[in-house]
Amino acid sequence: MSFNVNHVKNAYERIKKHVPKTPLEESFYLGNESNKYFFKLESFQKVKSFKIRGALNKMMTLTKDEMSQGVAAISSGNHGSSVSYAASILGINNVKIIVPKTTPQSKIDKIQHFGAEVILLGDNYDEAHSLGIDFIKKHQLTYIDAYYSDPEIYGGQGTVGLEILEQNNDIDTIVVPIGGGGLITGIAVAAKAIKPEIRIIGVQTEACPAMIKSYEDNIFYEEYPSEESICDALVGGVGKLSYELAKNYVDDFIVVSEESIAKAVSFMAKKEKYIVEAGSCTTVAAVIDYRERIGGKNIALVLSGGNIDGDVLTYILSKY
């Protein structure tokens with residue numbers, strides 16, 4: 001399970017004709033005389049999530065037989081819609097997406113919009129994953145990993161890091177949300193290969209700090225219990241490849257509260273005028289709460305997705 005910057009560079013060449021380069025826009029409100037903050041707007045992807053990068057990269061490496069027998073994914077929403085969209089690009093017809101029963105309807109609608117069949121299994125992501133693996137084996141489908149250990153998935157996610165440094169080579173710090181860990185690991189490996197002195201900061205919600213606890217306890221938490229969270233994209237365990245690599249590339253791990261995340265969602269909508277899902281706003285919350293700890297002069301904040309449930313957004317905007 002080796003993974004290096006060449007996986008990312010190859011992915012970039014493979015997917016660039018299908019996946020547009022997303023904007024890197026300077027914040028109007030976060031910066032000051034000594035710090036500039038830039039939003040990497042993966043929320044502007046067609047599926048409103050960075051996960052199209054890894055899903056499409058992986059699926060473009062499949063054989064014709066693997067494509068014809070059909071593909072499947074297990075997802076909290078964003079990976080599922082990305083696999084569904086990638087399948088529509090590549091002409092793969094048999095697509096099954098397994099999601100937890102708690103998945104917001106807005107995410108289910110998006111998966112179905114691109115043509116996949118949605119299968120509801122389990123009361124949370126870890127349950128859906130366990131049941132979903134059995135379903136995929138039984139039906140002999142090609143499994144498209146969300147974050148566990150596939151270097152082609154990690155390579156696609158890492159293209160976010162390549163783009164950031166192409167768009168602004170003065171970036172000295174990249175702040176990234178952590179769920180399973182594929183995004184931060186891909187970005188960190190790519191960015192540090194190009195610019196070794198760059199700092200990579202990972203952020204998790206206090207409701208499910210699986211990666212941080214894995215390193216604190218020296219235990220690989222493939223599954224991890226989550227408290228109630230507005231960050232549905234960040235709950236569950238961590239990927240094996242990420243667990244093995246991230247500690248060698250990530251300079252700091254920060255936990256932010258659910259309330260701080262909700263305030264950041266509101267700030268992004270009301271001030272910066274971007275609709276961003278809660279998991280993505282962990283990076284904004286980290287800046288608001290831990291500006292000095294993050295440091296840097298030119299800081300990129302990865303906004304990994306924009307698929308926030310309408311009811312959740314309405315509630316947050318009314319409260320904060």
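Figure 1. Asparagine 218 is found in the loop between α9 (210-217) and α10 (240-249), where helices (H or I, at least four residues) and strands (E, at least two) are DSSP runs numbered from the N terminus. The model is predicted: local features need pLDDT of at least 70, side-chain atom pairs count only at pLDDT 80 or more, and totals for chains, interfaces and linings use all residues. Residues are numbered from 1 along each chain as its sequence is written, and side-chain values use heavy atoms, with hydrogens and water left out. With a relative accessible area of 64%, asparagine 218 is exposed; buried means under 20% relative accessible area, exposed over 50%, and partly exposed in between (1.4 Å probe, protein chains only). Most residues other than glycine have a negative phi.

**Figure 2. The salt bridge between arginine 14 and glutamate 152**. A salt bridge is a side-chain nitrogen of Lys or Arg within 4 Å of a carboxyl oxygen of Asp or Glu. For arginine 14 and glutamate 152, the N to O distance is 3.6 Å. Arginine 14 belongs to helix α1 (residues 5-15) and glutamate 152 to helix α7 (residues 151-167), so the pair ties together parts 138 residues apart in sequence. Arginine 14 is partly exposed, at 26% relative accessibility. The whole structure holds 14 salt bridges.

**Figure 3. A salt-bridge network including lysine 40 and glutamate 163**. The closest N and O atoms of lysine 40 and glutamate 163 are 2.7 Å apart in their salt bridge. This pair links distant parts of the chain, with lysine 40 in strand β2 (residues 36-41) and glutamate 163 in helix α7, 123 residues apart. Lysine 40 is buried at 0% relative accessibility, and glutamate 163 is buried with a relative accessible area of 2%. The network of salt bridges links Lys40, Glu42, Arg53 and Glu163.

**Figure 4. The salt bridge between lysine 107 and glutamate 277**. The closest N and O atoms of this pair are 4.0 Å apart. Lysine 107 lies in helix α5 (residues 105-113) and glutamate 277 in the loop between α11 (258-272) and α12 (282-294); the pair links distant parts of the chain, 170 residues apart. Lysine 107 counts as buried at 3% relative accessibility, as does glutamate 277 at 5%.

**Figure 5. Methionine 59 in the largest nonpolar core**. A nonpolar core is a set of buried Ala, Val, Leu, Ile, Met, Phe, Trp, Tyr and Cys residues joined through side-chain atoms within 4.5 Å. The largest has 35 residues, and those with the most contacts inside it are Met59, Val71, Val83, Val95 and Ile97. Neighbours within four places in sequence aside, methionine 59 is in contact (heavy atoms within 4.5 Å) with Met67, Val71, Val83, Ala86, Ala87, Leu90, Ile92 and Ile144. Another core, of 32 residues, lies apart from the largest one and has Cys231, Leu234, Ala264 and Met268 among its residues. In the protein chain, buried residues make up 61% of the 320 residues.
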